[in-house]
Amino acid sequence: MSKLKLGVLISGRGSNLQALIDACSNVDFPAEISLVISNRPGAMGLERARRADIPADVIDHKSFDTRSAFDNAVSQRFESAGVDLICLAGFMLLLKSDFVEHWHNKLINIHPSLLPAFKGLDIHERVYEAGVKITGCTVHYVRAEVDDGPIIIQAAVPVTEDDTPETIGARVLEAEHNIYPEAVRLIANEQAQPQGKKVTLSASGVIPETLINPSLEK
Ligand code: GRF
């Protein structure tokens, strides 16, 4: 069976890109990365792509007069690479609604909180300040509204007394690396159907015990 062709859009470190690269290196994984695009020339993720022999382009937003012109260049490049699904992985620019509509239900993002809580930036600092006991991460279809769109998969991550924004971020990032490839797998296997504001999953999986933090004595 032919694999789902992924385009990955990055701006920096690319650790989620790496998680996707690692997943795709498994012959049984139902997707492959056709092209990585970074809007920043120095992004570490570009190096990760090159190491894995994946085509990696820089499309620098600063060399375009308008953001729409940049969006169009990205769109055309992904289209010419035959991409079926675009994965935003630490892409730090906001895409215009034309782009989002063009790639409707073919554009997903990973966000380091349990959406719809903690949209935006500086999430782990805000999670820390708010004193929440459980945070997490979300993979969702992208809609025109920032950090909005049908949720495909989430992971819950406990916050402990000793945590700092940095340690929370590190624990959440580990969970991100688990769920991003999983979301792609569900989509590639046609087991995740966006319907209105929700995603219907038709995958069987083990549902873990309720996460309570601190965990209760048994
Ligand atoms: C991740 O925390 C992701 O959830 C957010 O930006 C960060 C990107 O990290 N959107 P990396 O570039 O994948 O390492």
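**Close-up views of a predicted model**

**View 1. Helices α5 and α6 in contact.** His124, Glu125, Val127 and Tyr128 of α5 meet Pro165, Ile168, Gly169 and Val172 of α6; contact means heavy atoms within 4.5 Å. By class, this contact has five nonpolar, two polar and one charged residues. Here Ala, Val, Leu, Ile, Met, Phe, Trp, Tyr, Cys and Pro count as nonpolar, Asp, Glu, Lys and Arg as charged, and the others, Gly among them, as polar. The model is predicted: local features need pLDDT of at least 70, side-chain atom pairs count only at pLDDT 80 or more, and totals for chains, interfaces and linings use all residues. Residues are numbered from 1 along each chain as its sequence is written, and side-chain values use heavy atoms, with hydrogens and water left out.

**View 2. How α5 and α6 pack.** Helix α5 spans residues 123-130 and helix α6 residues 165-188. Helices (H or I, at least four residues) and strands (E, at least two) are DSSP runs, numbered from the N terminus. The two helices pack at an angle of about 115°, with axes 9 Å apart. Axes are lines fitted to C-alpha atoms over the stretch in contact, and angles run from 0 to 180 degrees between N-to-C directions.

View 3. Around the ligand are Arg13, Gly14, Ser15, Asn16, Gly90, Ile110, His111, Pro112 and Glu176, each with a heavy atom within 4 Å of it. A ligand oxygen atom is 2.5 Å from a side-chain N or O atom of Arg13. For Glu176, a side-chain N or O atom is 2.6 Å from a ligand oxygen atom. At Asn16, a polar backbone atom is 2.9 Å from an oxygen atom of the ligand.

**View 4. The loop between β5 and α5.** A cis peptide bond joins Leu115 and Pro116, with omega about 10°. Asp122 is in the loop too. Asp122 is not a glycine, yet its phi is positive, about 50°. Most residues other than glycine have a negative phi, and most peptide bonds are trans.

View 5. Asn213 and Pro214 are joined by a cis peptide bond, with omega about 0°. Pro214 lies in the segment after β9 (198-201).

Conventions
A polar contact is a pair of N or O atoms within 3.5 Å; within protein, one must be able to donate a hydrogen and the other to accept it, and residues adjacent in sequence count only if both atoms are side-chain atoms.
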